[in-house]
Amino acid sequence: MDLQLYLQDTMLVERLCGVGLYCLVLAVTCNGIAVSKPSSVKKWLIFYALALALMGFFFVPSPSADLALLTAYMRDWSAQGFLWLADKCASSSTPAYIVYFWLVGQFHIDGLLPATTAFIFYGLVFSCYWDFAKRNSVPNRAVAFGLFALMAFGTFLQIISGIRSYLGFAFVF
């Protein structure tokens with residue numbers, strides 16, 4: 001197999017750049033939290049949630065990924081009118097995700113679905129984390145280490161692909 005064709009099919013360079021950027025932003029955020037004043041932790045977590053949302057916006061899923069299918073649903077549903085939305089929600093046992101996809105789809109920008117999902121998920125989780133750290137006077141270095149441990153699990157891809165499940169988890173959390 002030709003090397004150029006292999007790199008194009010596997011998107012190896014793009015994936016390595018993406019993982020490198022993810023690690024770099026995580027390292028900058030953890031370092032910023034560790035060396036800043038306790039009052040700055042919230043700002044660092046908001047910055048990180050925005051950075052993750054931006055990475056989600058530019059993420060290109062493979063054609064077989066769940067996100068590709070969910071994006072197609074979003075496109076189809078957003079082309080429908082409000083009466084269709086009301087009928088679809090009335091006949092569904094899970095109308096919240098239909099409304100969510102329809103609302104995000106109204107902007108006609110595919111990258112908004114993973115970006116919005118990442119921002120909502122991380123915004124909710126980080127706000128709970130920041131509140132816990134503040135109430136219990138957790139040292140900044142421990143907050144940074146906890147954030148590093150959380151993000152090292154590699155849940156970013158699952159969050160922007162498994163939109164329905166992870167948004168539900170974040171709201172319950």
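Let's start at Tyr122: setting aside neighbours within four places in sequence, Tyr122 is in contact with Ala49, Leu52, Ser127, Met151, Thr155, Phe156 and Ile159, where contact means heavy atoms within 4.5 Å. Before going on, please keep in mind that this is a predicted model, in which local features need pLDDT of at least 70 and side-chain atom pairs count only at pLDDT 80 or more, while totals for chains, interfaces and linings use all residues. Residues are numbered from 1 along each chain as its sequence is written, and side-chain values use heavy atoms, with hydrogens and water left out.

In soluble globular proteins, nonpolar side chains tend to be buried together.

Now step back to the whole chain. The protein chain has ten helices and zero strands, these elements being DSSP runs numbered from the N terminus (helices are H or I with at least four residues, strands E with at least two). Along its principal axes, the C-alpha trace spans about 50 × 50 × 25 Å. Of the 173 residues, 32% are buried. Among contacts with a separation of 6 or more, 70% join residues 24 or more positions apart.

Next, have a look at Asn140 in helix α8. Is Asn140 buried or exposed? Asn140 is buried, with a relative accessible area of 9%. Its side chain reaches the backbone oxygen of Ile33 at 3.1 Å, a polar contact, that is, a pair of N or O atoms within 3.5 Å; within protein, one must be able to donate a hydrogen and the other to accept it, and residues adjacent in sequence count only if both atoms are side-chain atoms. Beyond its neighbours within four places in sequence, Asn140 is in contact with Ile33, Ala34, Ser36, Lys37, Pro38 and Val41. Val41, in helix α3, is buried at 3% relative accessibility. Not counting residues up to four places away in sequence, Val41 touches Ile33, Trp130, Asn140 and Val143.

Two loops deserve a stop. His108 sits between α6 (95–105) and α7, and Ser137 sits between α7 and α8. Phi of His108 is near 60°, a positive value in a residue other than glycine, and Ser137 has a positive phi of about 50° although it is not a glycine. Most residues other than glycine have a negative phi. His108 counts as exposed at 60% relative accessibility, and Ser137 is exposed with a relative accessible area of 60%.

Finally, turn to the largest pocket, which holds about 640 Å³ of space. On a 1 Å grid over the protein atoms alone, a cavity is a set of points where a 1.4 Å probe fits but cannot get out, and a pocket is an open set with protein on both sides within 12 Å along at least five of seven lines; lining residues have an atom within 4 Å of a point. Grid points are joined across faces, edges and corners, and the volume is the space filled by probe spheres set on the points. The lining has 17 residues, of which Arg15, Gly18, Val19, Phe59 and Phe156 lie nearest the centre of the pocket. Two or more lining residues each come from α2, α3 and α9, with α2 giving the most, seven residues. By class, the lining has 13 nonpolar, two polar and two charged residues; here Ala, Val, Leu, Ile, Met, Phe, Trp, Tyr, Cys and Pro count as nonpolar, Asp, Glu, Lys and Arg as charged, and the others, Gly among them, as polar.

Notes:
Buried means under 20% relative accessible area, exposed over 50%, partly exposed in between (1.4 Å probe, protein chains only).
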